[in-house]
Amino acid sequence: MPHRHRHTRAVGAAVAATAALLVAGLSGSASAGTAPAGSAPTAAETLRTDAAPPALLTALQRDLGLDRQQAERRLANEAEAGAIAGRLRAALGGDFAGAWLGGAESGTLTVATTDADDVATIEAAGAVATVVRHSLADLDAAKSRLDRAAAGRDTTDAPVRYVDVRTNTVTVQAVRPAAARALLDAAGVDAGLARVEKSSEKPRPLYDLRGGEAYYINNSGRCSIGFPVTKGTQQGYATAGHCGRTGASTSGANRVAQGTFQGSVFPGRDMAWVATNSSWTATPYVSGAGGQNVQVTGSTQAPVGASVCRSGSTTGWHCGTIQQHNTSVTYPEGTISGVTRTTVCAEPGDSGGSYISGSQAQGVTSGGSGDCRSGGTTFFQPINPLLQNYGLTLKTTGDDGDPEEPPPGGTWAAGTVYQPGATVTYGGATYRCLQGHQAQQGWEPPNVPALWQRV
């Protein structure tokens, strides 16, 4: 494959140009994430890590054992690392085997590859390289085979399955390891690709929310608002599918009539949205500790190892880290796929609530195990697939007003959800998406090198 490696080295030169950003964060520089006047914005500036409110920083300090400066540096480092990982994913192509963050301040970015010839490119970008056997594409394909094999089977004794980039395996968590091995055999997944982890966890949806930004379903059960959204001129919010079925009515925490579920998927996924009446206005905020507003400025997906905080009406603000994307979990009601596994605690009553990394929306609370006294594991439905499924636009601080002048021609469009690897044209040039996000005004490809790479 000599031609591909020539291409990798060429892209590597572009990747290396961003290395100083992460190195600045690693050194603890106060200027990490600050771009010189007139230059393109850094990833930290694009994702507005400086907009993190005191309540979020306080929760990070409490739950991750950080001081204030460490929390601020962690958010900046996570933003820059996500951009570098996105460029490396594009550069390595089929060799890419995942990326993850480590260290109290997320100061170490590790990128895995299946080809030792890629090590120099990874290290030139300021990341730690590790050579592994299986590509991310191979692991994702094995995970898909597991999900297909699980359909129609009782998997309550092997309830959680995910791609674990740190161990380069597809991991099955099981109450009974024999149940996991039976599922792997049924899926035809090679033992070298898989890892079985014995666990007593039996995840369940987190119903019956109380307090905070709660809402009632059909005047009985309660759940939490996830993120305010719009669909054209219609306002509403995203939440968990298990909270209510299509057509169910909602009322606010004040018992005032609020809206109606317009769409709901559960199991399979755990997504829904509610259209509200004219008494309710969508705002670009999540309710934080003490009622403080937490700004939402976008929906860029955070990498494995990044910090993430959750707002729920039962337990309020709690933080942890992202453990794995692309997780499947079996609840008593059925299996859901494509959720993200985290170390954030939650309790019955927190369903539907918001997960946010810095100022970037991540998803809505689905379920989990444990509690906020002894600790636990939770899963969230990622926000970008939810927005895409229902054609919704996330309400952000950057979505007000009209552009000053018409945008140049091209296929890029605000409101579209883009996944890594997607290509668009804008102003006569072609760009490749580096990190999954919903496009918005101000995030045009030439303006945000953290999200788009010119090709």
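Tutor: Helices (H or I, at least four residues) and strands (E, at least two) are DSSP runs, numbered from the N terminus. The model is predicted, so local features need pLDDT of at least 70 and side-chain atom pairs 80 or more, while totals for chains, interfaces and linings use all residues. Residues are numbered from 1 along each chain as its sequence is written, and side-chain values use heavy atoms, without hydrogens and water.

Student: Which helix gives the most to the lining of the largest cavity?

Tutor: Helix H5 (68-92) and strand S21 (360-371) each supply at least two lining residues. The most, four residues, come from H5.

Student: How many residues of that lining are charged?

Tutor: Ala, Val, Leu, Ile, Met, Phe, Trp, Tyr, Cys and Pro count as nonpolar, Asp, Glu, Lys and Arg as charged, and the others, Gly among them, as polar. The lining has six nonpolar and eleven polar residues, and the number charged is one.

Student: Are H7 and H8 roughly parallel or roughly perpendicular?

Tutor: Axes are lines fitted to C-alpha atoms, for helices over the stretch in contact (heavy atoms within 4.5 Å), and angles run from 0 to 180 degrees between N-to-C directions. Helix H7 (residues 136-150) and helix H8 (residues 177-187) pack at about 105 degrees, with axes 8 Å apart. Angles under 35 degrees count as roughly parallel, over 145 as roughly antiparallel, 65 to 115 as roughly perpendicular and the rest as oblique. H7 and H8 are therefore roughly perpendicular.
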